[in-house]
Amino acid sequence: MRRSIMPKRSRFVALNLGLALSIGASSLALAQARQVPEARQQITLSFAPVVQKTAPSVVNVYGARVERRPQNPFMDDPFFRRFFGDGGFGLPREQVQRSLGSGVIVDAGGLVVTNNHVIEGMTEVKVALADKREFEAEIVLRDPRTDLAVLKVKGAKELTAIEVGDSDTLQIGDLVLAIGNPFGVGQTVTQGIISALARTQVGVGDAQSFIQTDAAINPGNSGGALVDMQGRLTGINTAIFSRSGGSHGIGFAIPSAMVRVVVESAKSGGKLVKRPWFGARLQALTQEVADGLGLDRPAGSVVASVVDSGPAAEAGLKRSDVILAVDGVGVDDPESFGYRFATRPIGGTTQLTVLRGGKRITVPIKLTPAPETRPREPVKVAGRSPFTGLTVLNLSPAVAEELSIDLSTEGVVVSEIEEGSPAARVGFRKGDLILAINGERINASREIELATRERKRAWEVTISRGGQTVTSVFGG
């Protein structure tokens, strides 16, 4: 078989001829497609109307906290104070910590939604409006589970509240705008699309199903608005995926459906967000289990355990049931189920699509808040022990729901840890369950107070964290 090879000069001419013919055809097509604009609307495409409608509702949020430096031990000596002053070697005794973020006015009466991490630990909060007016604000409600907080602006009038949209109607590819105060440069608008929905493995909050967008979100945008083309709030910008600290086109927003739940709790005067209690522990569905159940993909949540007398038990849910959907909306994992269930209104019922024994059934479940079956009896541990600085509570369904812990474990739960305390230095975390101290079971918060009353040379403590039980020994 012979191969024909064209001489170089002929090939060059042929290539040029082909290119000329291609360019000529393309130019003719473009010429035919081009038309002189007959109206301004044909040459003006702008998001300005949406920005003009929504920007007045987006504010800057400033937080501040005064911290006292630990005093240098030399300052106890009058001789050193005489030469170095009360500050101690020129260092100020007090230091101001500040935070900067954004917020959104959701009620003309002065309610502002922002991220909890923007105002976390802050004692003073100020809000700056788009028209440059500044007001002090009161923290009405914090919800670390969703990383949302609600502020009340003091003394402000003529506020413009944004319309809260329905994030459940969003589709991948929808145009959105992100409005906030990145890097403290002032109110800024960026544009993008909805890149993905129902992102759960983000690492922010534990009752979330995030909206992903490529609209630029940078530090300072936290708490700002993600709005649709009708000027409705579809989400609160809260996190980015970044290796440099700047925007890489992967930002996440808390859906407006969850924002609405938190705002309604604040409007009702509550200090805590009331959510429906499920009363069961779920696990992700693995590919192996999905294959065994005859499912084409590992989407759903397996019921691992059911709390006695809880809503799940009353509805008849059993271990190994697989929850596939809530009110007809698919839930791929326990996180997406938690978000979908948490946004259902308390007082009614919701319909779960459940796979049991190879058959799909519909299970109605009541939407009721978790009960506080025993008093919390908060105890702050004092004295000299590794537990000093802890605040512990008695365990109940309500406490377990608020702190996102497993109710099936006994013991008392850590609700707060004083910064810089011995307990903080040892490594205790919020949500730790203390099961035993020096071999004695702990079943009530008051028992920790008794167990730590006397000083000891060594402390043995058994805790449960993230479903794992560990025993450690600390020095006295």
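Phe 387, Phe 428, Trp 459 and Phe 474 are tied into one cluster by ring pairs (rings of Phe, Tyr and Trp, the last by its six-membered ring, pair if their centres lie within 6.5 Å; planes under 30 degrees apart are stacked, over 60 edge-to-face, the rest tilted). This is a predicted model, so local features need pLDDT of at least 70 and side-chain atom pairs pLDDT 80 or more, while totals for chains, interfaces and linings use all residues. Residues are numbered from 1 along each chain as its sequence is written, and side-chain values use heavy atoms, with hydrogens and water left out.

Seven aromatic pairs turn up in the structure. Strands (E, at least two residues) and helices (H or I, at least four) are DSSP runs numbered from the N terminus. Phe 210 is buried at 0% relative accessibility, and Phe 252 is buried too, at 9%; buried means under 20% relative accessible area, exposed over 50% and partly exposed in between (1.4 Å probe, protein chains only).

Phe 337 and Phe 341 are stacked, because their ring centres lie 5.4 Å apart with planes at 20°. Both belong to helix H8 (residues 334-342), four residues apart, which means about one helical turn separates them.

Elsewhere, strands E18 (residues 349-356) and E19 (residues 359-366) run antiparallel, joined by eight bridges (pairing takes at least two DSSP bridges). Thr 353 stands opposite Thr 362 in E19. Two residues lie between the strands of this hairpin, where Gly 357 adopts a positive phi near 60°.
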